[in-house]
Amino acid sequence: QLQLVESGGGLVQPGGSLRLSCRITGLLPQNDFILWFRQAPGKEREGVSCISYSGRYTEYADSVKGRFTISKNNAESTVYLHMHSLTPEDTAVYYCAADSYWTDYCPPPGSTPSSGMDYWGKGTLVTVSS
């Protein structure tokens, strides 16, 4: 059974940085991609960034493009989300999720419904505040 465990959240000042981790336990099926979502208080869950199975393809929501970087370490079975220039609008619970596709692929996170993802972690809270 595939399990995803997020870590790395916390309190950070505006303009600061954090690195989130998504540890994958169990065998990630071939061509499964990992997508980071976030959900702010009172708002719907939104896709933030995606990375394909090989790590070759990445996608970002417009709201984080240029500030966030997603990466994957297959040897450690971990996907990272490097977040820079954080603002209070980035405050949310961040989740990683996995879903399958027929080839090495990464969908646009902004248009990927959270309801279609196969596996989810429990989330890690990021609070950006002075």
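S77 counts as partly exposed, because its relative accessibility is 29%, and partly exposed covers the range between under 20% (buried) and over 50% (exposed). The model is predicted.

**Two serines with positive phi**

S77 sits in the loop between β7 (68–73) and β8. Its phi is near 50°, a positive value in a residue other than glycine. S85 also has a positive phi, of about 50°, although S85 is not a glycine. S85 belongs to the loop between β8 and β9. With a relative accessible area of 40%, S85 is partly exposed. The table sets out both residues.

| Residue | Phi | Relative accessible area | Loop |
|---|---|---|---|
| S85 | about 50° | 40% | between β8 and β9 |

Where is T91 found? T91 lies in the loop between β8 (78–83) and β9 (92–99). S85 is in the loop between β8 and β9 too.

The side chain of T91 has polar partners on the backbone. One of its polar atoms lies 3.0 Å from the backbone oxygen of P88. A polar atom of the T91 side chain also lies 2.9 Å from the backbone nitrogen of V128. Which residues does T91 contact, leaving aside its neighbours within four places in sequence? They are A40, P41, V126, T127 and V128.

**The chain as a whole**

The protein has eleven strands and zero helices. Along the sequence the pattern reads β-β-β-β-β-β-β-β-β-β-β.

The radius of gyration is 14 Å. This agrees with a compact globule, because one of 130 residues would have a radius of gyration near 14 Å. Along the principal axes, the C-alpha atoms fill a box of roughly 45 × 30 × 25 Å.

Take the contacts with a separation of 6 or more: residues 24 or more positions apart account for 62% of them. Of the 130 residues, 44% count as buried.

**Surface and charge**

The protein exposes about 6700 Å². Carbon and sulfur atoms supply 48% of that area.

Technical notes
Residues numbered from 1 in each chain as written. Predicted model: local features only at pLDDT ≥ 70, side-chain atom pairs only at ≥ 80, totals over all residues. Heavy atoms only, no water. Helix = DSSP H or I, 4+ residues; strand = E, 2+ residues; numbered from the N terminus. Rg over C-alpha atoms; globule rule 2.2 N^0.38 Å. Buried < 20%, exposed > 50% of the residue type's maximum accessible area, 1.4 Å probe, protein only. Contact = heavy atoms within 4.5 Å. Areas by Shrake-Rupley, 256 points an atom, 1.4 Å probe, with all protein chains shown as cover. Polar contact = N/O pair within 3.5 Å; in protein donor to acceptor, adjacent residues only side chain to side chain.
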